[in-house]
Amino acid sequence: MWTREQLKSNAKINMKRNYWSCVAVAFIMSVVEGVGAFGGVRNGSQSTGSDSSYGFDGYQGMEIYFPVIVTVIAAAVAALLVFGLLLNIFVGNVLRIGANRFFVRNRTEMVRTGTVFDGFRSGHYGNIVVTMFLRDLYITLWTLLFIVPGIIKELEYMMVPYILSENPGMERREAFEISRRMMDGEKWNAFVLQLSFIGWYLLSGLTCGLVGIFYVSPYVEATMAELYAYNKGKAFHEGYIQ
């Protein structure tokens, strides 16, 4: 059975051995995922002069154009949301596979930063996109029912991106099934492992993201790669992967 201390200790060793590449890959993922989640717009208002008749006409004009303004703002917000969604589906998820591949391989060898783009040149781009889209869709649908089932599903499918990082052509049902078996009995411990980084995330916020860029993000990525390595070893031992 793994312990948080063991996974984190191994992660620190692996991260320090190839530090700048780990930072670069984690930073790329932070930027892509941040842009994918962006969906807000900024707007402001200006005041007019104090002349009463001019102000009255101005308010009349605002009443006339208000529906148009609201429509334009709503369309802009919708466009940003659609852009973020498409970016995540066709770019972000594929880069996630490459990032996971980087951190898994970084455990045993020196890996180039360019590994983060391996999902695009794997020859299985379509399979990666569809499998990751379905994973996100299932988690979202379960979350819409209740928060807790959504969290459980996310933990259940946590290993799917790692499985695809090493087997990009694997059929999606097989990837989901292997992830479920890998996480059987591990979900609560994995959830606590994720919670254990809260202090680091707070420190990252207090430093305007600097600690996050240069330490927290690569540290978390390396730790989760260690969890996958343990689950993969368990899967070999139990015989449901070869």
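Helix 1 and helix 10 are oblique to each other, the class left for angles that are not under 35 degrees (roughly parallel), over 145 (roughly antiparallel) or 65 to 115 (roughly perpendicular). The structure is a predicted model, in which local features need pLDDT of at least 70 and side-chain atom pairs count only at pLDDT 80 or more, while totals for chains, interfaces and linings use all residues. Residues are numbered from 1 along each chain as its sequence is written, and side-chain values use heavy atoms, with hydrogens and water left out.

The chain holds 10 helices and zero strands; helices (H or I, at least four residues) and strands (E, at least two) are DSSP runs numbered from the N terminus. The order of elements is accordingly α-α-α-α-α-α-α-α-α-α from the N terminus on. Of the 242 residues, 36% count as buried, where buried means under 20% relative accessible area, exposed over 50% and partly exposed in between (1.4 Å probe, protein chains only).

The axes of helix 1 (residues 4-17) and helix 10 come within 8 Å and cross at roughly 120 degrees. Axes are lines fitted to C-alpha atoms, for helices over the stretch in contact, and angles run from 0 to 180 degrees between N-to-C directions. The crossing of helix 1 and helix 10 is right-handed, that is, the near helix is turned clockwise from the far one by less than a right angle.

A search of the whole structure gives 13 aromatic pairs. Rings of Phe, Tyr and Trp (its six-membered ring) pair if their centres lie within 6.5 Å; planes under 30 degrees apart count as stacked, over 60 as edge-to-face and the rest as tilted. W200 and Y219 form an edge-to-face pair, because their ring centres are 6.2 Å apart and their planes stand at 85 degrees. W200 belongs to helix 9 (residues 198-206) and Y219 to helix 10 (residues 210-238), so the pair ties together parts 19 residues apart in sequence. W200 is partly exposed at 30% relative accessible area, whereas Y219 is buried at 2%.

Ring pairs link W200 and Y219 with F197 and Y215 into a cluster. The charged end of K8 sits over the ring of F197, 4.5 Å from its centre; this requires NZ of Lys or CZ of Arg within 6 Å of the ring centre and within 35 degrees of the ring normal.

Zero disulfides were found in the whole structure, a disulfide being a pair of cysteine sulfur atoms within 2.5 Å. C22 is buried, at 0% relative accessibility, and C208 is exposed, at 73%.
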